[in-house]
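Please examine the sequence and the structure shown below before reading on. The questions that follow concern a predicted model.

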Amino acid sequence: MAGSAYGQARSSLGFTLGVNKTFHEYDNQLHPGISLLGNIRVLNKWAVEPAISVHEVNEYVSARISAKYYITNRAFITAGPFFWVGNDFYNGVGTTASAGYRVFNKPNYNFELSVHGNFDKFSYNSKPIAGLRAAYNFHFRKQ
């Protein structure tokens, strides 16, 4: 029986839409977010995932770079640092981690769903953030 399988880590460029919830005592809202992200294949199961996000929480812009490991052809985990700048020019660093699944895995594109958690420093208080993301990625070449 012949079939086709697409390698786990693939170089691509995409965008995400998501919703985020901070667990800070003064912020009880859900925050929409949008990101531009890349996947840079390093090995078959490893990729580097840089991203720039806008409005994840409290009107800030963040940049992150995560290591991405594919547990299976479709399931993955990521972890890494991120840097953020707020609308009042507060800034900080934090860590981020996520777990996700490729719902569609086609030769030219894929669609991923993931849950993520961030932990950062904001105005002298630490706050965890949890969220959901949906990502659509365009591959640079067929595999």
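Q: How far apart are the closest N and O atoms of glutamate 112 and arginine 102?
A: Glutamate 112 lies in strand 7 (residues 109-122) and arginine 102 in strand 6 (residues 91-105), 10 residues apart. The two form a salt bridge, for which the nitrogen must lie within 4 Å of the carboxyl oxygen. Their closest N and O atoms are separated by 3.5 Å.

Q: Which residue forms a salt bridge with arginine 64?
A: The closest N and O atoms of this salt bridge are 3.0 Å apart. Arginine 64 lies in strand 4 (residues 60-70) and its partner in strand 3, so the pair ties together parts that are 15 residues apart in sequence. Arginine 64 counts as buried because its relative accessibility is 8%. The partner is glutamate 49.

Q: What is the relative accessible area of lysine 68?
A: The side chain of lysine 68 meets that of glutamate 49 in a salt bridge (3.2 Å, N to O). Glutamate 49 is in strand 3 and lysine 68 in strand 4, so this pair ties together parts that are 19 residues apart in sequence. Glutamate 49 is buried because its relative accessible area is 5%. Lysine 68 is buried as well, with a value of 0%.

Q: Which residues are linked in a network of salt bridges?
A: The structure holds four salt bridges. Those of glutamate 49 with arginine 64 and with lysine 68 are among them, as is the one between glutamate 112 and arginine 102. The linked residues are Glu49, Arg64, Lys68, Arg102 and Glu112.

Q: Which strands each supply at least two residues of the nonpolar patch?
A: The patch lies on the surface and consists of Phe15, Leu17, Ile34, Ile52, Val54, Val61 and Phe138, with about 610 Å² of accessible area together. Valine 54, one of these residues, is partly exposed because its relative accessible area is 32%. The strands asked for are strand 1 (12-22) and strand 3 (46-54).

Methods: Residues numbered from 1 in each chain as written. Predicted model: local features only at pLDDT ≥ 70, side-chain atom pairs only at ≥ 80, totals over all residues. Heavy atoms only, no water. Patch = residues over 30% accessible without salt bridge, like charges linked within 9 Å, V, L, I, M, F, W, Y side chains within 5 Å. Areas by Shrake-Rupley, 256 points an atom, 1.4 Å probe, with all protein chains shown as cover. Helix = DSSP H or I, 4+ residues; strand = E, 2+ residues; numbered from the N terminus. Buried < 20%, exposed > 50% of the residue type's maximum accessible area, 1.4 Å probe, protein only.
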